[in-house]
There are 2 protein chains.
Amino acid sequence: MEINSPTNERIKNWAKLQQKKYRDQSGQFLIEGEHLIGEALQAGVVEHLLMEAGRINPFASQCEAIVCSEIVMRKLSTNVSGAWLIAVCSQKSVPAQSGLRTVVLDGVQDPGNVGTIIRTAVAFGFDQVLLSPDCADVYNEKCVRSTQGALFHIAIQRTELLGALSALKEEGVMVIGTALHKAQPLAQLAVVEKVAIVLGNEGQGVRPETLEICDQRALIEMFSFESLNVAVAAGICLYRYRRKA
Amino acid sequence: MEINSPTNERIKNWAKLQQKKYRDQSGQFLIEGEHLIGEALQAGVVEHLLMEAGRINPFASQCEAIVCSEIVMRKLSTNVSGAWLIAVCSQKSVPAQSGLRTVVLDGVQDPGNVGTIIRTAVAFGFDQVLLSPDCADVYNEKCVRSTQGALFHIAIQRTELLGALSALKEEGVMVIGTALHKAQPLAQLAVVEKVAIVLGNEGQGVRPETLEICDQRALIEMFSFESLNVAVAAGICLYRYRRKA
């Protein structure tokens, strides 16, 4: 199949996936680039593969490509210089494997931070990521890119945190909130397996009502009273509670 | 003083500071926003403060503002929605205080990563940041923003790394390169005070020739063989070698 017109109905609909509203409605999202698309194919979430005319499909054995004109590819890409390979994917989440290790994001706004934290969670063997409803959209292009494909390897759920954290506590999970005040130095907290690490908004940190139900508050020991980028703070905490075998 | 025309000679020259070439030539750079400008004033690097007409200068007691029209402010701002307060600053670096703790960046390309690492270095009490000539420009707007003002609190130097690392080694500094192969787990490395931590390019990591002269190679212990964002990796390493008192 070939599509040359940017006003083609399917193209117009797929281009709408650059907006969260339409991603939510359709349960689809767009990704660009060979590496990410390779990961998405392995995860079985690719619905359509779109390729610029004149290129060779690197995934020909796995998935047929719809050949599109350059102008169509430009319309679908969020990159100023366009993309030659784009996939329409379904937001099919990996089921949680054990619920042993959970990362919890409370109002993290920047899609790059959300994506980087998802990538870090996978690297350190965490099982799931819970996001409060006001976090950045996981399927935002910048977030997906920052995950480097890790979003296809971990359970991700957007949910009200208070109920979710209470349920984790009932299962014996230690819920640790990161905080700057009334908190214990991270290095002094016990290392346990059933753990949930809560990280907060870039400006305000974890909400007081969320901190309220945490079992522990962890302070990352700093020399000067500065703050850390939330993805850096996440990295330090997740490294400490990483899965070892 | 008031400037209303975007074709004013001074405005045209300052607008050029959005490009690295002109920042290098003039030794100046632009910053936006009250928080950053407050830090820059404290550091004594503000040469000119520019404010949109009709606003109140929050730093009136420290620095007179040149009042500019909205169109002038838009021309100087890298933000799509403009900025109401902009400062022209001089690239005056803080002198290194002790050389005890050094962060070394070898080809880190993304200005956001460079800025986040500078912010983290200050938080953990590092004394200086060395950047290879091919790293992103520290005075890039995105980098400056990611530092959250930390660039005004730490010695930063762009230099050829091989010579600089040799000099550090002669002073008894332990040079640790991050690596994925032929490396020791980070948690097994001795914690010393005189340390330099070398982080590499987002795709290729630390250059082989740089790794060659490192005393140790550190591997951040991951569960799945994924990679980490370089600013996250830096956070984990710098936290371990942080200044404690």
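Is Arg207(B) buried, partly exposed or exposed? In this predicted model, Arg207(B) has a relative accessible area of 29% and is therefore partly exposed. The residue takes part in a salt bridge with Asp106(B), in which the closest N and O atoms are 2.3 Å apart. Asp106(B) belongs to strand E6 (residues 101-106) of chain B, while Arg207(B) sits in the loop between strand E11 (195-200) and helix H8 (208-212) of chain B, so the pair ties together parts that are 101 residues apart in sequence. In chain A, Asp106(A), Asp134(A) and Arg207(A) are joined into one network by salt bridges that share partners.

Over all chains, the structure holds 20 salt bridges. Two further examples lie within helices of chain A. Glu9(A) pairs with Lys12(A), and the closest N and O atoms of this salt bridge are 3.1 Å apart. Both residues are in helix H1 (residues 9-15) of chain A; they are three residues apart, so about one helical turn separates them. Lys12(A) is partly exposed, with a relative accessible area of 35%. In helix H2 (residues 20-26) of chain A, Asp24(A) and Lys20(A) are four residues apart and are likewise separated by about one helical turn. Their side chains meet in a salt bridge with an N to O distance of 2.6 Å. Asp24(A) is partly exposed at a relative accessible area of 43%, and Lys20(A) also counts as partly exposed, at 35% relative accessibility.

The contact between the two chains was examined next. The size of an interface is often given as the accessible area lost when the parts come together. Chain A and chain B bury about 2400 Å² between them, and 61% of this area is on carbon and sulfur atoms. Arg119(A), Phe223(A) and Tyr239(A) supply 27% of the area that chain A buries against chain B, which is more than any other three residues supply. In terms of residues, 26 from chain A and 26 from chain B take part in the contact.

No salt bridges are counted between chain A and chain B. Polar contacts do occur there: twelve residue pairs are found in polar contact across the interface of chain A and chain B, with both residues at pLDDT 80 or more. On the side of chain A that touches chain B, the elements that give two or more residues are helix H5 (111-123) and helix H9 (230-240) of chain A. This side of chain A consists, by class, of 14 nonpolar, seven polar and five charged residues.

How are the two copies related? Chain A can be laid on chain B with an RMSD of 0.0 Å by a turn of 180° and a shift of 0.0 Å along the axis. The two copies are thus related as by a two-fold rotation axis. Of the interface residues of chain A, 100% are also interface residues in chain B, so the copies meet through the same surface.

One residue at this contact is Ser224(B), which touches Val122(A) and Ala123(A). Ser224(B) is found in the loop between strand E12 (216-219) and helix H9 (230-240) of chain B. A polar atom of the side chain of Ser224(B) lies 2.9 Å from the backbone oxygen of Val122(A). The relative accessibility of Ser224(B) is 19%; since the limit for buried is under 20%, Ser224(B) counts as buried.

Glu193(B) is partly exposed, with a relative accessible area of 47%. Leaving aside residues up to four places away in sequence, Glu193(B) touches Leu100(B) and Arg101(B). The side chains of Glu193(B) and Arg101(B) are joined by a polar contact of 3.0 Å. Glu193(B) and Lys244(B) are 51 residues apart in sequence, and their C-alpha atoms are 9.8 Å apart in space.

Terms used. Residues are numbered from 1 along each chain as its sequence is written. Chains are lettered from A and ligands numbered from 1 in the order in which they are written. This is a predicted model: local features need pLDDT of at least 70, side-chain atom pairs count only at pLDDT 80 or more; totals for chains, interfaces and linings use all residues. Side-chain values use heavy atoms; hydrogens and water are left out. Contact means heavy atoms within 4.5 Å. Buried area is the accessible area (1.4 Å probe) that two parts lose on being put together, summed over both. A salt bridge is a side-chain nitrogen of Lys or Arg within 4 Å of a carboxyl oxygen of Asp or Glu. A polar contact is a pair of N or O atoms within 3.5 Å; within protein, one must be able to donate a hydrogen and the other to accept it, and residues adjacent in sequence count only if both atoms are side-chain atoms. Ala, Val, Leu, Ile, Met, Phe, Trp, Tyr, Cys and Pro count as nonpolar, Asp, Glu, Lys and Arg as charged, and the others, Gly among them, as polar. Copies are superposed by least squares on the C-alpha atoms of residues with pLDDT of at least 70 in both. Buried means under 20% relative accessible area, exposed over 50%, partly exposed in between (1.4 Å probe, protein chains only).
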